[in-house]
Amino acid sequence: MIKEPAMNFEKKILCIGAGYVGGPTMAMIAFKCPQYKVTVVDINCERIAQWNSDDLPVYEPDLSEIVGACRNRNLFFDTDIEKGIKESEIIFVSVHTPTKAFGEGAGMASDLQYWEKTARDILRYSESDKIIIEKSTLPVKTAQAMEYILSSSNNAIHFEVLSNPEFLAEGNAIKDLENPDRILIGSHDTPRGIKAKDVLIDIYSNWVSADRIITSSIWSSELSKLVSNAFLAQRISSINSISALCEKTGADIKEVSYVVGKDSRIGSKFLEVSIGFGGSCFKKDILNLVYLCRHYGLYETADYWEGVLRINDYQKDRFVKNILNVMFNTLANKKICLFGFAFKANTGDVRESPAIYVAQRLLDEKAKLVITDPKALENAKREFLGINGDIEFIENPYDAASGCDAIAVITEWNIYKELDYDRIFKSMTKPAFIFDGRNILDHQKLFNIGFNIYSVGKQALSIFEKSR
Ligand code: NAD
Ligand code: UGA
């Protein structure tokens, strides 16, 4: 039991849900606002124990320093949800909102059971008025459902619901939180709604300038979050779709992407070709958007956004089919090393990582897999619990690649750019192949070493292609 310092804090803030969003966002508030007491609670005791240890449950550059600076000073991680609700006047809800896996809307709609349980906990334990802040990403109009639940008791307590979606990207969370492009606060246009909104503006104003704090209606706020993710994913699918055309025509996707991005109206970000986007949110949020559109009878809009997901699946499928095709149409007993398993660099998160799909398809072809990743190996192991297949997990990339027929670059970790590929080539079975799913390696140099190089949206550099 951690003894809390006897301080008079200006505000008491609670966050329900100590995950990738709840932990870092609350750590940033505590770091920037020592005058507030910030408590993060979770039903998962193991997760809370990790937040209270030196081995945090989430890997993010600079996160451990921020947590270390304020933990047990004004930042607390706890399992006592009842106490947290009773003592706090401001409650962020940051529980997960995965795609529903059962019943009506299965595979499309958001599963709101975790969200609803927190609403019921708040109602059950509250003894005074509260501001409830939606931090999770939710379908538009969820605040209304929250309000219905919170007003279902005949106690005199008032709950004012705000929407404050989070825009941080994993691997960059601390920078995004410290210097956000925008903070979005949706509120009701009522005296109580405006008062609650001002309280939240006050909190962010401790470190975010006023021009970056945007206010809107709750419904616009909820929808803007879904649409922001859909637009980001759409850019990736756009460039990935063109990579297929580049491979057919001899154009180079890096050059095309550079030229397109130089138009200041388009901008250069999020035009990096890949084997498809991963992560816990893009797919689920687009599915949710598509589901909402169909619910309202907007079939053309739904189909348009669903296309972003179709291209993402196509891109992953193309990558695997190319490996099979290039390696003489059989992968049985061939050893393939996956460089990276995280869904992007600088995170240990593997949720919806394209690596999962690629690995499963390679196993289906009876390939032997060696998986390496600097931060995601433990999460990768968990993905394969109970799955049959010849898989090894090796942290050192040199040991991982040794004896393999091919390397597939899945995650754009910087370390893969800096390896001694002469040494790796010597240790591999010949002919040795590299499939660079992120176009991060020096292809000409690797070809000169002796590798056969296949990338995304570029011509292959391979002795087999020349003889075709
Ligand atoms: P997560 O799964 O990492 O964390 C959610 C946590 O909530 C878990 O630890 C879970 O045990 C806890 N929880 C669930 N029900 C609870 C309950 N009733 N009481 C207490 N704790 C409970 O999820 P996450 O990645 O942090 O995402 C949370 C939300 O934020 C999602 O809606 C997501 O779409 C959104 N979001 C995520 C990111 C991201 O980068 N991961 C970025 C922006 C927005
Ligand atoms: C994304 C958004 O960027 C955040 O703003 C948002 O808050 C978050 O989703 C969320 O709601 O969860 P995140 O998924 O953490 O953040 O990471 P991104 O940097 O967006 O990358 C997502 C995927 O797209 C990764 O697999 C990445 O490798 C891929 N990607 C990204 C590309 O393939 N090409 C690019 O140009 C950029």
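**Rings and a ligand**

Me: Which residue lies over the face of Y59?
Reply: A charge sits over a ring if NZ of Lys or CZ of Arg is within 6 Å of the ring centre and within 35 degrees of the ring normal. In this predicted model, the residue found 4.5 Å from the ring centre of Y59 is K375.

Me: From which number are residues counted along each chain?
Reply: The model is predicted, with local features needing pLDDT of at least 70, side-chain atom pairs counting only at pLDDT 80 or more, and totals for chains, interfaces and linings using all residues, while side-chain values use heavy atoms, without hydrogens and water. Chains are lettered from A and ligands numbered from 1 in the order in which they are written, and residues, as the sequence of each chain is written, are numbered from 1.

Me: What kind of aromatic pair do F328 and F464 form?
Reply: Rings of Phe, Tyr and Trp (its six-membered ring) pair if their centres lie within 6.5 Å; planes under 30 degrees apart count as stacked, over 60 as edge-to-face and the rest as tilted. The centres of F328 and F464 are 5.3 Å apart and their planes stand at 85 degrees, making the pair edge-to-face.

Me: How many residues apart in sequence are the parts that this pair ties together?
Reply: F328 lies in the loop between helix 12 and strand 9, whereas F464 belongs to helix 18. Helices (H or I, at least four residues) and strands (E, at least two) are DSSP runs, numbered from the N terminus. The pair therefore ties together parts whose separation in residues is 136.

Me: Is F433 buried or exposed?
Reply: Buried means under 20% relative accessible area, exposed over 50%, and partly exposed in between (1.4 Å probe, protein chains only). F328, at 45%, is partly exposed, and so is F464 at 21%. F433, like Y454, is buried.

Me: Which helix gives the most to the shell around ligand 2?
Reply: A residue is near a molecule if one of its heavy atoms lies within 4 Å of it. The shell around ligand 2 divides into 11 nonpolar, three polar and six charged residues (nonpolar: Ala, Val, Leu, Ile, Met, Phe, Trp, Tyr, Cys and Pro; charged: Asp, Glu, Lys and Arg; polar: the others, Gly among them). Four residues of the shell come from one element, residues 218-249, and that is helix 9.

Me: How far from an oxygen atom of ligand 2 does a polar side-chain atom of R438 lie?
Reply: R438 is among the residues that come nearest to ligand 2. A polar contact is a pair of N or O atoms within 3.5 Å. For R438 and ligand 2 the distance is 2.7 Å.

Note on methods:
Polar contact = N/O pair within 3.5 Å; in protein donor to acceptor, adjacent residues only side chain to side chain.
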